[in-house]
Every structure is written in structure tokens, then in C-alpha cells.
Amino acid sequence: MTATTPVEKVAEVLSAANFRRVTTPLSLAGIQFDIPAAFVGTGTSSDLILLVDTAFDTEKRIQQKVEGIARALDSIGSMRPLTTVITGPRPLRLVIDAMSRVCRVLALGVSIDANQDADILNWLAVLLPLKLPEPSDVAEGAAAEFASAGAADPVTKALIEASSQGAEEVERCLSMLISKPLDDIAAGHEI
């Protein structure tokens with residue numbers, strides 16, 4: 001299903017990043033809060049993320065809801081960090097500052113680009129897990145770079161070649177490279 005509203009587009013991104021959607025209206029400390037969507041982190045993330053849209057609710061009303069949710073979380077002793085993701089027209093700085101006193105605020109704004117999905121990923125990057133390259137890709141690239149830089153140096157070349165066989169082979173190679181000149185010196189000074 002393709003999302004049609006900005007809130008649903010953000011919801012798709014969070015769902016894909018293993019955040020769990022919470023039923024709305026959000027119920028905390030016996031109070032119900034009517035917000036478009038809410039998510040909680042799973043695994044290492046413990047965030048409670050609120051999704052709101054200024055196109056469908058006033059800035060002041062959103063601020064009141066966010067402050068109310070923050071107070072409700074405090075009253076039940078919750079340790080969850082609170083994040084509010086705002087879609088739609090950007091609220092006034094005064095409203096964002098007020099909400100920032102009780103939670104992290106990510107005001108996404110309005111994107112009319114063809115790259116809207118990329119914009120959303122960039123705006124939400126602080127919430128999303130890092131995508132790191134596979135270790136083998138990094139090792140191959142680093143080995144190639146070192147090889148080209150030290151191609152003229154036989155010691156560097158030998159160590160780079162040994163590195164493809166693991167740490168023990170590098171240690172053995174280094175030991176051999178260090179002991180060879182000492183062996184040559186000892187052989188020349190034999191009595």
C-alpha cells in the first residue's frame with residue numbers, strides 16, 4: 001500500500017525501521033490523546049514517537065497535546081524519550097521552542113520534490129539505524145588502497161598480502177620480517 005498523507009509516509013519509514021505502531025487515540029495515565037499516529041521503539045530504541053500534521057490541527061492544539069503527553073509520561077514515571085515528528089507547514093519558532101522543552105522535535109516541513117522519500121529519510125535519520133557497509137567491502141577497499149600506496153615497499157606489500165589470511169598470519173609475517181635482518185647480522189658475526 002502506498003501512503004497518501006505525509007503522516008502515513010513517515011509511518012511507513014518508521015515501520016520499516018522496526019518501530020512498533022501504537023493504537024490511537026494514545027492512552028496514558030487514564031487520559032486519551034487524539035494524535036494521527038504514534039510509535040514505540042523496539043530493540044535498542046525506547047523512544048515514544050508522536051506523528052502530527054499541522055495541515056489538520058492547529059499549532060497551538062498540537063503543542064497542548066505534546067505537553068499533555070509529556071506530563072502524562074512524567075506522572076507514570078516513564079523513562080521513554082519523547083520525540084514529535086511534525087509534518088505539514090512548519091510551525092512558528094515559538095511553538096517549536098515550547099515543544100522542545102518537553103521533547104525532541106523534528107519538523108519535517110512540506111516537500112514537493114520527486115525525491116520526497118529521500119527527504120523523509122534524511123529528516124528522520126536521527127531516529128533510524130545506521131546503514132554500514134559490509135565489513136568485507138571495507139576491507140577489500142582498504143587493502144587495495146594500502147596496496148597501491150605501498151606497492152614499492154616490500155615490507156608493506158608482504159604485510160598486506162598476509163592480511164588476507166588473518167591476524168595470526170600478519171603477526172607471523174611481521175615476526176619473520178623483523179627477525180630476518182637480525183638473523184643476517186648474527187650470521188655475519190659468528191665466531
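A29 is partly exposed, with a relative accessible area of 44% (partly exposed lies between buried, under 20% relative accessible area, and exposed, over 50%, with a 1.4 Å probe and protein chains only). The structure is a predicted model, in which local features need pLDDT of at least 70, side-chain atom pairs count only at pLDDT 80 or more, and totals for chains, interfaces and linings use all residues. Residues are numbered from 1 along each chain as its sequence is written, and side-chain values use heavy atoms, with hydrogens and water left out.

A29 lies in the loop between strand 2 and strand 3 (31-33), and its phi is near 55°, a positive value in a residue other than glycine. A positive phi, of about 70°, also occurs at N18, again not a glycine. N18 belongs to the loop between helix 1 (6-16) and strand 1 and is exposed, with a relative accessible area of 55%. The loop between strand 1 (20-22) and strand 2 (26-28) contains P25; the peptide bond from T24 to P25 is cis, with omega near 5°.

The protein chain has seven helices and seven strands (DSSP runs numbered from the N terminus, helices being H or I of at least four residues and strands E of at least two). From the N terminus on, their order is α-β-β-β-β-β-α-β-α-β-α-α-α-α. Of the 191 residues in the chain, 34% are buried.

T54, in the loop between strand 5 (48-53) and helix 2 (59-75), is buried, with a relative accessible area of 14%. Its neighbours within four places in sequence aside, T54 is in contact (heavy atoms within 4.5 Å) with I62, I86, T87, G88, P89 and P91.

In helix 3 (residues 93-100), V95, I96, A98 and M99 are buried. These residues cover an arc of only 160° around the axis and therefore lie on the same side of helix 3; the arc is that of the directions from the helix axis to the C-beta atoms. R93 and L94, on the other side of helix 3, are exposed.

The largest pocket is lined by V13, A16, A17, L121, L128, P129 and K131. By class, this lining has six nonpolar, no polar and one charged residues (Ala, Val, Leu, Ile, Met, Phe, Trp, Tyr, Cys and Pro count as nonpolar, Asp, Glu, Lys and Arg as charged, and the others, Gly among them, as polar). A pocket is an open set of points on a 1 Å grid over the protein atoms alone, where a 1.4 Å probe fits, with protein on both sides within 12 Å along at least five of seven lines; lining residues have an atom within 4 Å of a point.
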